[in-house]
Amino acid sequence: MSARRSLVWLGLTPEPEQELPAAVAALRAPTDDPPPPGLVAAERRRVERLVLRGTQRGWLRYLGEITDLVVAAAAGPAAGDPRPALVAGEVVLDHHRMLIGLPGAGYARTTVQRRDLERALAHLRTADRTGLTGPDPATGDPSGPAGPTPSLPFNPAGPSERRSTA
């Protein structure tokens, strides 16, 4: 390891190492069932390898992959469980916000990811609040409150601009 290699990024927070493997494995799993233990273990090994032997640039690339998974979950059908995407999105967004206190270009490099995560998380939270993710807590109806609610399309680029025709 080079004496010039900066390790300051490792001191941000332990939450990514603790919470991301299970959440990311669930997002990568082919079904809504709990992810297989082998997938969680593989994700944990990947995080461990990045933290112990990686660089900030490699770590940010990994978090960029997770951002893409969260955005895809928000854009996809609302039938799945949003909790893994919410956990992963919150952890990565918190991490990216803390980069402002570190030297280097990490914070600037994650500007687009922060914006995309904020939008995706807002969409996922709305879907979660409206009961799209499970039974109505009041009645136990499996289709959610007041029956099925159609999902709204999620556009990671944000709302389209309205143009005046006048």
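## Helix crossing and ring contacts

Let's start where helices H1 and H4 meet: their crossing is left-handed, a label used when the near helix is turned anticlockwise from the far one by less than a right angle. This is a predicted model, in which local features need pLDDT of at least 70, side-chain atom pairs count only at pLDDT 80 or more, and totals for chains, interfaces and linings use all residues. Residues are numbered from 1 along each chain as its sequence is written, and side-chain values use heavy atoms, with hydrogens and water left out.

The axes of H1 (residues 15–28) and H4 (residues 83–98) come within 8 Å and cross at roughly 145°. Here axes are lines fitted to C-alpha atoms over the stretch in contact, with angles from 0 to 180 degrees between N-to-C directions. With contact meaning heavy atoms within 4.5 Å, the H1 side includes Leu20, Ala23 and Leu27, and the H4 side includes Val87, Val91 and His95.

Now for the rings. One aromatic pair is counted, taking ring centres within 6.5 Å (six-membered ring for Trp) and calling planes under 30 degrees apart stacked, over 60 edge-to-face and the rest tilted. The centres of Trp59 and Tyr62 are 5.7 Å apart with planes at 35°, so this pair is tilted. Both residues belong to helix H3 (residues 56–75), three residues apart, about one turn of the helix. Trp59 counts as buried at 3% relative accessibility, and Tyr62 is buried at 1%; buried means under 20% relative accessible area (1.4 Å probe, protein chains only).

Notes
Helix = DSSP H or I, 4+ residues; strand = E, 2+ residues; numbered from the N terminus. Buried < 20%, exposed > 50% of the residue type's maximum accessible area, 1.4 Å probe, protein only.
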